[in-house]
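Here are a few friendly notes to read alongside the model. Have a look at the fold first, then go through the points.

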Amino acid sequence: MDAQVTLAMSFPTLDEAESALDWIGVDFADAEQAFEGVLADDDRDLLDAAIGDPDSPGPVRDLARALRRLLDAADGGASPAWRVSYDA
């Protein structure tokens, strides 16, 4: 990725990280011991849905909130790059 990548969250396992990202629905790619992506303004609806869904597990809501903070902090239409790491 060309942009500065911000670590949004860490998970204990690959499966937990991937499951959380799949639940939210944002686009992501494999990276070394992590997944990476770039948020777009269109992702707000996905993030808000995951945050507001009573069936979302806690870690999914936590990740969605972290990604939403990155998107909210982005300078006027910027697309923040993020990373979600995992240990094993």
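**Notes on strands, a loop and a helix**

1. Strands S2 (residues 29–31) and S3 pair in the antiparallel sense over 3 bridges; two strands count as paired if DSSP finds at least two bridges between them. Ala 29 has Glu 36 in S3 as its bridge partner. The two strands form a hairpin with 2 residues between them, and Gln 33 in the turn has a positive phi of about 55°.

2. A word on the basis: this is a predicted model, where local features need pLDDT of at least 70 and side-chain atom pairs count only at pLDDT 80 or more, while totals for chains, interfaces and linings use all residues. Residues are numbered from 1 along each chain as its sequence is written, and side-chain values use heavy atoms, with hydrogens and water left out.

3. S3 also pairs with strand S4 (residues 81–86), in the antiparallel sense over 5 bridges. Here Ala 34 stands opposite Ser 85. Helices (H or I, at least four residues) and strands (E, at least two) are DSSP runs, numbered from the N terminus.

4. Of the 5 residues of S3 (residues 34–38), 4 are buried, so the strand is largely enclosed by the rest of the structure. Buried means under 20% relative accessible area and exposed over 50%, with partly exposed in between (1.4 Å probe, protein chains only).

5. Gly 76 sits in the loop between helix H3 (58–73) and S4. With 85% relative accessibility, Gly 76 counts as exposed.

6. In helix H1 (residues 14–24), Ala 17, Ala 20, Leu 21 and Ile 24 are buried. Just after H1, Gly 25 takes a positive phi of about 100°.
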